[in-house]
Amino acid sequence: MNKLLNLLILKADQSSSFTLTTPNLLPNLSSDKGTINNPADIAIIVGYFIMVISVGIWSMFRTNRGTVGGYFLAGRTMTWWPVGASLFASNIGSGHFVGLAGTGAASGIAVGGFEWNALFIVLLLGWLFVPVYLTAGVITMPQYLKKRFGGTRISLYLSVISLFLYIFTKISVDMFSGAVFIQQALGWNIYVAVITLLLITALYTVTGGLAALMYTDTFQTFVIIAGAFVLTGFSFVQVGGYSALLAKYSSATPSNFSSMDPQRYNISPHCYTPRQDAFNLLRDPTTGDLPWPGVIFGIAIVGGWYWCTDQVIVQRCLAARSLTHVKAGCIMCGYLKLLPMFLMVFPGMISRILYPDEVGCVVPELCKMVCGTEVGCSNIAYPKLVVSIMPNGLRGLMLAVMLAALMSSLASIFNSSSTLFTMDIWTRIRPQATERELIIVGRVWVLCIVAISICWIPVVQAAQSGQLFDYIQSVSSYLAPPIASVFLLAVFVKRVNEMGAFWGLIGGLLMGLCRMLPEFWFGTGSCIFPSNCPYLVCGVHYLHFGIILFFCTSVLVLVVSYCTKPIEDQHLHRLVFSLRHSKEERKDLDWEQEERGRRAQREAEERIREKEAKSGICHLVRRFCGGGGSEAPEQDAPEAPEKLPDISEDPVWKYTVDANALIMMTVAVFMWGYYA
Amino acid sequence: MGKLCAVTSCLLLTVSAAAAQTAQPQIERLLPQWLTGIIAVSAFLFLVFVTLLVKKAWCEKPSRSVRGKTNVSMNKKKTAVESESDRENEFVVTNGNTYETNLDTIRRKSTVESTGENEFGNTYETTLEMVRSKEDPNAFDNLAFGSADDKVTSM
């Protein structure tokens, strides 16, 4: 605990240390550079919040939020542009700004491969996976697995591990990055800032449901891209252009690189010199920090989990009006994913060129003074640019951008985790829950997870390593490949059954934990103090380990499936890719459970209607929260199972969308080839 | 594309490894960047072209036998009208360029059907194929004559 307090105190007087170590700031900035306190900045931030809240309120009146379908799936009425924008905004969080820029500053452009790989994976989502999810008629991914395999243990395992991964990778990283930025830019107390942000996010998430989220995400996407473009423009002007970036990056070494305590450690040159392959996407398979087989295949596997099987992303596609809108939204998201390389990675590298002694600091004592950790200060690359380069007014815009990224990602994660919890875990505990109860539980869960996230901040602060993005990606590489493999096989291979999938998931989890736990125990170490993790455990790069884990899990799933009884076709109509157009009756494997649940739900609703006392306040609260009376949900409930979403497409639009996808893939391949 | 880039990057890296350690700005590239981009794009488009050809060849050949089988089995379950509209939908949804073969196959099957069953709701009953005579390709049978029973009175 002492260490934590020390960290917090150091962070608090960072703003003063900043003025000491950064003498080369522009002279026309306000005197206290750590705070945003001039009218232009404040006006922009206030205006941003007003816009977001008003978009949230407007969208409240557009959809019926009283039903499960209306609240969690926006009534399936979204067109392609909110779908595409929401996919992008849910994905890009403050973790991307801080993490991509920081890792770009430290090791070059290869980290942009994470973003550019997603261009292809998002097309897989729209063309291969969403048609199956749509015809299956499911709301959550564990529900899909339950229908596909039967039984309850797989869906329970997936719900629990998804919630776990959300808290450990997405929420904590986004909040930590947001906190870093707020500290640098505003100098506020971390807890005050984060709690305020979370409460505002929770407000429009809880009341508006998915519809509010998707419309606000569209607005946030504009803000993110506009602000990031402005900053990129300023930073390129400051450094002297793209060719200057290419030329100056390799000489961006700090002025202090000799060890202060030679008995304890020595600093070798490769720890502070920029990498020679900094401008290559594809690097050496054995000596590179991001080897090219890992970048191409490993990131594809982790991306397959993130884009094609994860509730946050798939839920947005399920809310679309038709399959063509899904595909168009995926293409739009793909084009937008071309931008982070130019908007975040390059500015990160520019930050290292402009401030090599802070961003590129290597001596542990100096680094601790600059940013509070001994490992390295590459995480402050983006906030440093915002504080130093941007003039008045535009700093407020950049803060709005960071808030937009943070709030949109967090809101999406809150909404999806509440969907998962409500539809998969709560309905198992109380099968007789009515629609109204489910919606209330969904909202309460959002508040619970906000509280958990606040409690998680000190843990992430204490465990901070120099490279944030690497941390998320490595945890994902150890836990996500089994899930991606099971989903891929579930959708494409009819022979896979429940035993195979379950044991594949458990085996994959054990393998992943065998690598993850020792690595966390020994610590990741740094360049100066390498970790003493044995080569057998930590020798394989985490991306290569992800590939191995994926194949091992697939083999395990297939072996166990072929040794046990197959699932008959009558249970699989519209649940696998080859049968997605079949119009035959499907005998659901979980129909008994569903029937029991529906009967219990109907009885509970009748009982409620009998003893309901309609007081005035009760009615008012219900109107605000969107429950449109008890009649509407009942009409929806018996309809929902029978009305299957249509995945037929108008041929003209189908060809347009396919052609567009081809064009996008061509552009992506050109960019990969250009920077390879 | 991956192999080409791997070869290129391996070549570039070995070149850089052989060079001096001090202050080399970047890895010397053998090809200019835009050229590697163009090469990657052409390789990709070639792969797409090959995939389209394979898909066309694959989907055309077994489709005739597959469609025949499914139609016969579906005939047994449903009435003639429904099965035709279902088959139409199946063609439209599964294969984008079925418009040329659509009417042909339905026409052909409707002739098979109409000779076997009643023509209620069968919209393609009147084709010249049905009444074309076997002796002469330009001559057509008169159905009325062909179906009439010969009544011979015994003398």
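Which side chain meets Asp658(A) in a salt bridge? Notes on the charged pairs follow.

1. The partner is Lys654(A), at 4.0 Å from N to O. A salt bridge here is a side-chain nitrogen of Lys or Arg within 4 Å of a carboxyl oxygen of Asp or Glu. Asp658(A) and Lys654(A) sit four residues apart in helix 29 (residues 651-675) of chain A, so about one helical turn separates them. Helices are DSSP runs of H or I, at least four residues, numbered from the N terminus.

2. This is a predicted model: local features need pLDDT of at least 70, side-chain atom pairs count only at pLDDT 80 or more, and totals for chains, interfaces and linings use all residues. Residues are numbered from 1 along each chain as its sequence is written, chains are lettered from A and ligands numbered from 1 in the order written, and side-chain values use heavy atoms, without hydrogens and water.

3. Buried means under 20% relative accessible area, exposed over 50%, and partly exposed in between (1.4 Å probe, protein chains only).

4. Salt bridges with shared partners link Arg275(A), Asp277(A), Arg283(A) and Asp289(A) into one network. Within it, Arg283(A) bridges to Asp289(A), with the closest N and O atoms 2.8 Å apart. Arg283(A) is buried at 0% relative accessible area. Asp289(A) is partly exposed at 24%.

5. Arg430(A) pairs with Glu437(A) in a salt bridge of 2.6 Å, N to O. Arg430(A) is partly exposed, at 29% relative accessibility.

6. The count over all chains is 13 salt bridges.

Terms used: Helix = DSSP H or I, 4+ residues; strand = E, 2+ residues; numbered from the N terminus.
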